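This report describes selected features of a single protein model. Please read it alongside the sequence and the three-dimensional view.

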Amino acid sequence: MNTIHVKLRPLTLLLVRGRALSAAPQAATRWDSRFYRTVFQFCRTMASSNNSSSTQTSRLLAPHKAKQRDLLRKVKAKENRNRRDVHGPSTVYLQVVGAGSRDNGPSLYVFSEYNRYLFNCGEGTQRLMQEHKLKAARLDNIFLTRLSWQNVGGLSGMILTLRDTGVPECVLSGPPQLENFLNAIQSFSGPLHDIKLLVRPYTETYTDETMTVYQVPIFAQSESDGRKLPCHSGGRSPSRSPASPKRDDTCGGSPGEKQQARQDTSLVISFICKLHPKKGSFLVEQAMKLGLPLGTAAIGPLITALKNGKTVTYEGKEIRPEQVCTPTDPGPVFIIVECPSEEFIEGVCSNQQLKGYQTGGTEDAAALVVHITPESILKTDEYKEWMERFPSTTEHLILNENVCTYHNIRSHKIQTQLNMIHGEIFPILRSSETKEPQATLHVPNVRAECLLKFQLRPLMEWQRDAILSCNTEKFVKEASEVPNFLEEVGKCKQICSTDNAEPSEKYPEVVFLGTGSALPMKIRNVSGTLVNISSSQSMMLDCGEGTFSQLCRHYGDSVDETLSKISTVFISHMHADHHTGLLQLLYQRERALTTLGKAFIPVYLVAPNQIMFWLGQYHQNCQKILHHINLIPNISLCEGAQMPQQREKSFINALLKKNDLEKFQTCAVHHCKNAFACSFTHKSGWKLAFSGDTMPCNALVQIGKNATLLIHEATLEDGLEKEALEKRHSTTSQAIGIGMKMKAEFIMLNHFSQRYAKIPLFSQDFSDRVGISFDHMRIRFGDFKILPQLVPALQALFAVDIGEMEERREKRELKHLRGSCHDWTIEQMTDRGDKRHQEEADKVDTKRLKSS
């Protein structure tokens, strides 16, 4: 097998050369395709000539080869499209992903049969795309209107998802700070070698086989003297001048001003998107009447000329294009504008490029204008008048916090069904309703809803068929029809009413906001747990992407009150699924304190020291964030750690006093570098231990000794101990074993692999001291007796899912049994290179490996 592997290397080089030849003339292309067939036939012949042991080893290589073939196929398909005449796609539509509500920032998905585009990528965008099957496989352009966390909070996770999907290249367009932002996220994502990331300056225009996108910079106006903050020269209409206007670098170019520009939020980018014209259709019946030679070789050149708008002569008869072709679609235009505050109103309303698409302008009227604009701006006379200057045929789509829509329908569905089991532990999700009245607009406008479409081709129209309704009655009816579910619910309620005769204390209260691992999915979000210590103090344990959105759905209109109580955040380690929701939480907390009229106080951030590089880079180049935190390094709270400096010591004492804690401990755990668990003891005597991500760890046993509650990760099911070891996670029984060792009163399992989307497989080690966490589950210490009683009802509700998982486990065990019977010589033939490919194959369902 070693010999075969070496021989394939020159063939790989030839394949790369073959790809380079794909830009050659047609004859060369035909030779190129014969060359590819020959190579792959040769590979098949070699594979078939191997003995059974070679076949076994080739299975180990299959995922690696498949990934390479898939990557090559995507690149070749794009090259083939680029060689065609650009005549516009047949189907194009714009679809709302995030409607701009407080729990889901504004994001738009644009589809054509050639390309996919994303405009803005706030937290939760990839979760919505996964839930609603908006595929990211051909998403190679992301456009950002502004570098605020509201618009880019989900970008790091999206890039990792695109890399895992096999997208070879992605280009980001928008503000100049983007390059610094990409450099900053690699401090926790690790080097992104498998995907090529490029930043397109906002002075450049982009064209592909679907459309041309013009970037239009809009600068804020200074409040003090009325001048624009950065200097800017005007520009002409994009269709008259393909290159967008550049900033005048002669005004203000000192190093200090350049540093300010890197952090400056006084620039937003609007996008003018013009679809390529689409040639008219050839009318066969009309051509037959005119006597054209249909069905012969002579018809091809005639059709080509006529569709290109040329008049032809056939048998002495002159035939004009309009006689046999439908009119050419000139290519509609849609515009995306963000006007985040009053400082940008004049910049938007006076921009010459945007004026070209209004009444009396030099361009065709825009079919659609998307406004990412707060209600307070829509109410201003200046902005209203600017909207009214567009022709009456132009549609307007509005994205802001005044929208009324449901985004994560599956979360609402499963929570409604779980609520049937226990109403207190599984509360119904809430929605935030803005109290600000909508602006009165005198133009055709539509308020955004998740999955609302505006079709640009073939017909220009609004389409609402993809919008999903949140029908509670339907969800309840569906669960009621599950065999044995209502019977088990009845038994559960009867037992719970007996066991819960005495009301339990309200605090402490634990709210699970994210119970999945790796990446956000439709049912389980990534790590985030809120501990309400008292009526006035709360602590967050890990804060993955979308944690704030989960708080909005859990608390509804009282989310500001909840945010204002959070005084401490613990981050276990620097994997993206454990901390990328932190910035949104901090920004929204500051907003909540302002709204409630409370004094702003930084949170105590207990986290790895390495988080400061990421936060420092974001603070320096994007938005200010460092004033939100008082850092306490995790390592300073470990037993035997060096005496903290005076500043850290004062923060630790303040943290303990603020939360009425007697002790707060951390310990290093077996996961990645600088990964920690924690435990804290309240003055009233209760103790909570939190594992973060880890393999079984004795240090955790020590700091969690006699805990009232242990929250421990159980990423994988029993029987996958080898995989858990490789990924440095715990299985269900291993997590329970740690709880038993530390003599924890109760163990809540958490951080499940997304393969267990609804429910994990139950272990034989489950007892009356073990519970399973779900997103939006709320427990108190008095619920420990009730939680095990919920298991039969949960098993009935998810019986089909449990059956499928058990079937997969049986197949896996049978496969393992067969593999162990193979001749020992097969193991000898599996050399070091094969082991490497085996590891790559195993990573198909693996949590992304990120270096901190």
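The sections below cover the basis of the model, its strands and helices, its aromatic pairs, its nonpolar cores and some individual side chains.

## Basis of the description

Residues are numbered from 1 along each chain as its sequence is written, and side-chain values use heavy atoms, with hydrogens and water left out. The model is predicted: local features need pLDDT of at least 70, side-chain atom pairs count only at pLDDT 80 or more, and totals for chains, interfaces and linings use all residues.

Strand β13 spans residues 368-372, and five of its five residues are buried. Here, buried means under 20% relative accessible area, exposed means over 50%, and partly exposed lies in between (1.4 Å probe, protein chains only). Helices (H or I, at least four residues) and strands (E, at least two) are DSSP runs, numbered from the N terminus. In a regular strand the side chains alternate between the two faces of the sheet. In β13, L368, V370 and I372 lie on one side and V369 and H371 on the other, and both faces are covered.

Strands are taken to pair if DSSP finds at least two bridges between them. Strand β12 (residues 333-338) runs parallel to β13 and is joined to it by five bridges; F334 has L368 as its bridge partner in β13. Strand β14 (residues 395-399) also pairs with β13 in the parallel sense, over five bridges, and H396 of β14 stands opposite V369.

## Strand β30 and its partner

In β30, M777 and I779 point one way, R778 and R780 point the other way, and all are buried. Strand β18 (residues 509-514) runs antiparallel to β30, with four bridges between them. The bridge partner of E509 in β30 is R780.

Helix α16 (residues 409-419) is mostly covered, with nine of its 11 residues buried. Among the buried residues are I409, H412, K413, I414 and L418.

In helix α27 (residues 732-741), the buried residues are T732, S733, A735, I736, I738 and G739. These buried residues pack against α25 (698-703), β27 (709-713), β28 (746-750) and β29, where contact means heavy atoms within 4.5 Å. K743 follows α27 and has a positive phi, near 60°.

## Aromatic pairs

The structure holds 28 aromatic pairs. Rings of Phe, Tyr and Trp (its six-membered ring) pair if their centres lie within 6.5 Å; planes under 30 degrees apart count as stacked, over 60 as edge-to-face and the rest as tilted. The pair F664 and F680 is stacked because the ring centres are 5.7 Å apart and the planes lie at 15°. This pair links distant parts of the chain, with F664 in strand β24 (residues 661-668) and F680 in strand β25 (residues 676-682), 16 residues apart. Both F664 and F680 are buried.

F774 and F798 also form a stacked pair, at 6.3 Å centre to centre and 20° between the planes. F774 lies in the loop between β29 (770-772) and β30 (777-780), and F798 in the loop between α28 (791-797) and α29 (799-820), 24 residues apart.

## Nonpolar cores

A nonpolar core is a set of buried Ala, Val, Leu, Ile, Met, Phe, Trp, Tyr and Cys residues joined through side-chain atoms within 4.5 Å. The largest has 87 residues, and those with the most contacts inside it are F664, L688, L709 and L790. Its largest share, five residues, comes from α28. Leaving aside neighbours within four places in sequence, L688 is in contact with residues including V510, V531, L541, F680 and L709. Apart from this core lies another, of 67 residues, among them V152, L155, M574 and A592.

## Charged side chains

D577 lies in helix α21 (residues 576-579). D577 counts as buried because its relative accessible area is 2%. The side chains of D577 and H578 are joined by a polar contact of 3.4 Å. A polar contact is a pair of N or O atoms within 3.5 Å; within protein, one must be able to donate a hydrogen and the other to accept it, and residues adjacent in sequence count only if both atoms are side-chain atoms.

E648 lies in helix α24 (residues 646-658). Not counting residues up to four places away in sequence, E648 touches P633 and S636.
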